[in-house]
Amino acid sequence: MANSVPDLTPDALERIEKDIAGSGMSRWLNISATAENDGLSYRLGFAEGHIGNPVIRALHGGVISSFLESCARLELIARLSPGVHLRTTSVHTSYFRSSKAQDMLARISLQRVGRRFAFVEATGWQGEEDNVVARSAIGIRVIRSGEE
Amino acid sequence: MSDTPAQPDDQKLEIGDDLPDFILPMMEASRQFIQNEHNLFARLKTFRPTRIMRGQADFSITVPADFSAAPADSGGQVIHGGIFTILLDTILAYTVWTRLDRFMPIATINLKTDYLGHAEPEQAIKVMAQCEGIADDVAFCSGKAVCAGTGDVIALAEGTFMVGTKGRSSASRL
């Protein structure tokens, strides 16, 4: 499976919920995941602390980037074997339009999942799915059992 | 716990003599807002500027265990990388304002963060950032977060910001 995208595991949502429960940052971001016909979608549950500028009440750019990076990791957790450790190396986020003080949704596209590294694209939107607020290109080091 | 205890928070603020007039009152208002009302920054043990110059800003920061990553991922309790993205985005934005002659709203166009190392809860962290310049209303910034005790790099960031955005009235950030 080194060059293809691994399938979702049957317990994908359980794994995601367990990871979120163990991460103070994920809880602060108020992340949740939902299974859909063609995969998973993720939600940033809006909280006042996510605001970057209280005057225009837009989400903080760093919060958006952190949310998209977290979704990328969760997508890999839902697809790779439990013994695999993940370490994010790079997140490059482009902000297309101003965000609002409301939930953000995200979907993940796995560009390539190699034996040692995964290239992931995360797209975040508010309202209609074509109202894209930001998109991230994320590099994640994949550390498999016996490699550490 | 960290091998590098938090440094005594006694470093005086170094301020450039050519800063724009609005920057210090704006930073004080920002400090009061985030320390009293913002539920992320208010939970940081330290979030304090140590050096504000034209185009540069350094901050002293300590992050509590509240913002840890999932232990299964890290093998131990470390600070989630996302907190550094948030801090670097914030401090890079401050450096843009130090370059301006009058206050203008700004918006992040893009932000790249590379994670080289990690920090443990309560570890003393220093963030150093600069705005290299502004061209055609786009500000070019970079910065890094390091362990205050060892100088080891935790994260690097490069960001661009649109200067003079209109805020809520515009559908676009740009």
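Is D137(B) buried, exposed or partly exposed? I counted 13 other C-beta atoms within 10 Å of D137(B), so D137(B) is partly exposed. The scale I used places C-beta atoms from the backbone and calls a residue buried if 20 or more other C-beta atoms lie within 10 Å of its own, exposed if 12 or fewer, and partly exposed in between.

Ground rules. I am working on a predicted model, in which local features need pLDDT of at least 70, side-chain atom pairs count only at pLDDT 80 or more, and totals for chains, interfaces and linings use all residues. Residues are numbered from 1 along each chain as its sequence is written, while chains are lettered from A and ligands numbered from 1 in the order in which they are written.

Positive phi. I looked up D137(B) again and found its phi near 70 degrees, a positive value in a residue other than glycine. D137(B) sits in the loop between β5 (124-135) and β6 (138-147) of chain B. Helices (H or I, at least four residues) and strands (E, at least two) are DSSP runs, numbered from the N terminus. In chain A I noted R57(A), also not glycine, with a positive phi near 50 degrees. The loop between β3 (51-53) and β4 (58-59) of chain A holds R57(A). R57(A) has 16 other C-beta atoms within 10 Å and is therefore partly exposed.

Chain B overall. I listed 3 helices and 7 strands in chain B, in the order β-α-β-β-α-α-β-β-β-β from the N terminus. Of its 174 residues, 41% count as buried. I call two residues in contact if their C-beta atoms, placed from the backbone, lie within 7 Å. Among contacts in chain B with a separation of 6 or more, 66% join residues 24 or more positions apart.

Core. The largest nonpolar core has 81 residues, and F67(A), L88(B) and I125(B) have the most contacts inside it. Helix α3 (residues 81-99) of chain B supplies the largest share of this core, 11 residues. Such a core is a set of buried Ala, Val, Leu, Ile, Met, Phe, Trp, Tyr and Cys residues joined through C-beta atoms within 7 Å. Leaving aside residues up to four places away in sequence, I found that I125(B) touches residues including I61(B), V63(B), A145(B) and I154(B).

Contact between the chains. I found 31 residues from chain A and 36 residues from chain B in the contact. On the side of chain A, α2 (24-29), α3 (61-77) and β5 (85-95) each give two or more residues. The most come from β5(A), with 10 residues. I then checked pairing, which requires that DSSP find at least two bridges between two strands. β5(A) pairs with strand β4 (residues 106-115) of chain B in the antiparallel sense over 5 bridges. Here H92(A) is opposite K112(B).

Helix α3(A). I found 16 of the 17 residues of α3(A) buried. Its end C-alpha atoms are 25 Å apart, which agrees with the 24 Å that 17 residues should span at 1.5 Å a residue, the expected span being 1.5 Å times one less than the number of residues.

Strands of chain A. Strand β1 (residues 31-36) and strand β2 (residues 39-44) of chain A run antiparallel, joined by 6 bridges. The hairpin between β1(A) and β2(A) goes through 2 residues. I noted Y42(A) in β2(A) as the bridge partner of A33(A).
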